[in-house]
Amino acid sequence: MARTVTFNQLGPVGLICIDNPPVNAISHSVRLALADVVARAEKNPGIKALLIMSEGSPFSAGADITEFDRPEGEPSLQQVQAALEAFPIPVVAAIHGLALGGGLELAMACHYRLAHKDAKLGMPEITLGIIPGAGGTQRLPRLIGARAALNMILSGTPISAPEAKTKGLVDEVAEDDLRNAGLFFCERLVQEGLGPRPTCSRTVTDGLDEAEIASALLPHARALKGRTTQELVIEAIKASKLPFSQGIAIEAALAQKSLASRESLALRHVFFAERESGKSSGVSAVEAKRTLSPAIHRVAVIGAGTMGSGIAIAFADAGLEVLLNDNDPASLIRSRERIHSTYASGVRRGRIHQNVADERIRRIRNARTLADVADADLVIEAVFEDRELKKDVLSKLDSVLPPQRLIATNTSTLSVSELARATAHPGRVLGLHFFVPAQASRLLEIVRTDHSSPESLSTAFCVAKLLKKVAVVSRDAFGFIGNRMMLDGYFREAEQLLLEGATPIQVDTALENFGFAMGPQRVSDLGGNDVGTKARVQLFKREKRPDPYFVIADRLTEMGKLGQKTGRGFYCYENGSREAMPDPEVNNLIEKLAFERGISRHEIGNEEIVERCILALINVGAMVLEEGIAARAADIDVVWTSGYGFPRHLGGPMFYADTLGLSEVLQRIRHYHEKLVYYWRPATLIERLASAGTSFEQWDRASAPR
Ligand code: T1G
């Protein structure tokens, strides 16, 4: 077993160092090693204080999530904490980087805590659908108060070291050398005769009445919509008013309950799926890692429109130099204005300081000609969505850049393979499909062609990591993964329901109650109905789709009802408001379109609305899998939870299908196939998995490349 904890005596101080790469997770081996060194230290009379630190970074990412689905080996984290808390001499934790979850709970079981000025301390368990299970709901209220503890645990967001000191979570903030500060702190404790200070002996000084709980929940209402973990958090923190032994027992029971919840299984699925998808698919992990991608310092963006400007900001935010090129000087001017206003808005909202905004703006420089981007480490074309224009730009870039240099196209509707063939080196061309706004959206679809080289894929994965985006590889096909499922599944069925008798507000509300951040018609109005129409124009140049296929949205585009940007779309938006108000004119239009197609309209219940939209999404997702466009069902879940607002606590469409059971899913799709026929052919993969009694998860395990 690899060494995970070291122990050295430095004068009167016993220095314990956790060393468990990559994130110092408190795994079983770490717990065993900690228990061993604590027992050894207790037998050493020369040691007058213990100092706990960690190697590398972070201080600790918390308990080892990979161990959650198997019995927790002895000693438990609670047992290690109890030994530290009962230790007869002072135990000090010195925190650098991140101290999260069980890592912070370990520190809270120590008698004193230091943190480096740049450290951050957090309880992110709720993002995994669980409550802190190693005393966090009992010790944190004893250190910072019940109300502050409730807010910190509900938010899941780390706080800075200075804030932690203000709250009483840490005793000292170290300005530079944390190790020296920790040793000095310990020696001072010994000199001043300051002994152990068990956190469990403290009492919670403030209460949590219903009004305070309600006000604590308010700021997290959106993030916790449809969630249940918060109720368990509240119950556990309330128990911190009891004697510690009782409270910790209540916490343990509630933690087990949260761990077994479907919400936690779903959130943990997404956590690992996001990390798995960012490694490789199609190209083996070994191959992708072996082809070390070049260091990326300077990126060129060709095309200074909305997308190009957003991509430029994304790279400037990531600390890179950006060359922005456009053959229309007026576009460059508009882009500058857009970039300045984006950063000004960030400063106004307190997201970044003015000096940081200025530095990032400075990183974005104009490149007059394509030749000026020859020394960029990566070039992304984001010019107007026109095949010939993009081919021309790629061909010119191909001639100015070294053959191995990655050229990425941001197209969302054209064939990346066709664009790649416009160059002499198609292996270095990939799609990097950013989502609006490029600087803020988490998802990045990496679109590979049959020619894509491992080097270009490896570079693309590095780009995603640099931008802190979630990367999913898609093979080159219309709509890649997300838009294909949206157009052929989810949004198409939503429009079908409108033709059959539902109203836009009924469909949107039903799906928002299911958990989507925004219903399909609201999303269409937000992005612009014309954007969808343009995509379908490109689609019909490549493939056909049976009528009706977005007849409502395309008619709205013809009528200039583009959505929020024109004040009218599926809804009305009075005086620039973003509030979607039903538009009787649109309801009349829908009735007319239905009548023209001989569709008899009728009342439709919310349950049917949700079931048909979600099953259509799942069915097309299965087709995307069987066509090899996505390599894993888990990748599809990442796309839909990080890029399309599918509720994360349901795990994504394919995970959700597994929770329904594929036999049930197949039976319901067949029901709609009999009732509606149109579009409802069950995917072959669903028929196969359902008849075998397996799941998408098992299909991933058996078939997806690693
Ligand atoms: N356990 C096991 N593996 C973990 C892990 C963890 N807690 N955190 C990360 N990893 C793996 C991850 O899967 C990846 O593996 C590698 O480390 C790098 O991660 C008792 C019960 C710390 C901010 O929720 O937020 O404590 O893909 O790509 O971008 O009350 O990891 O390389 O094989 O994310 O630099 C609570 C989860 C746990 C923090 C670093 N803690 N981790 O981000 O690297 S529950 C969390 C993160 C708990 C207690 C409860 C991030 C990070 P691989 P990465 P990163």
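Begin by selecting Lys-465 together with the ligand: an N or O atom in the side chain of Lys-465 lies 3.2 Å from an oxygen atom of the ligand. Please note that the model is predicted.

Next, select Glu-105, where an N or O atom of the side chain is 2.6 Å from an oxygen atom of the ligand. How much of the ligand does the protein bury? Taken alone, the ligand exposes 1000 Å², and the protein buries 73% of that.

Now widen the selection to the shell. The elements giving two or more residues to the shell are β5 (98–100), α3 (102–108) and α11 (262–277). Colour α11 separately, as this helix gives the most, with 3 residues. In total, 26 residues surround the ligand, and the closest are Ala-61, Ala-63, Glu-105, Glu-125 and Arg-275. Colouring the shell by class shows 16 nonpolar, 4 polar and 6 charged residues.

For the last stop, move to helix α24 (residues 584–596) and select Leu-589 within that helix. Is Leu-589 buried or exposed? Leu-589 has a relative accessible area of 9%, and therefore counts as buried, the cut-off being under 20%. Display the side chains of Arg-555, Leu-556 and Met-559: Leu-589 is in contact with these residues, leaving aside its neighbours within four places in sequence. Finally, draw a distance between the C-alpha atoms of Leu-589 and Leu-499; they are separated by 9.8 Å, although the two residues are 90 residues apart along the chain.

Definitions and conventions:
Residues numbered from 1 in each chain as written. Predicted model: local features only at pLDDT ≥ 70, side-chain atom pairs only at ≥ 80, totals over all residues. Heavy atoms only, no water. Near = heavy atom within 4 Å. Polar contact = N/O pair within 3.5 Å; in protein donor to acceptor, adjacent residues only side chain to side chain. Areas by Shrake-Rupley, 256 points an atom, 1.4 Å probe, with all protein chains shown as cover. Helix = DSSP H or I, 4+ residues; strand = E, 2+ residues; numbered from the N terminus. Nonpolar A, V, L, I, M, F, W, Y, C, P; charged D, E, K, R; others polar. Buried < 20%, exposed > 50% of the residue type's maximum accessible area, 1.4 Å probe, protein only. Contact = heavy atoms within 4.5 Å.
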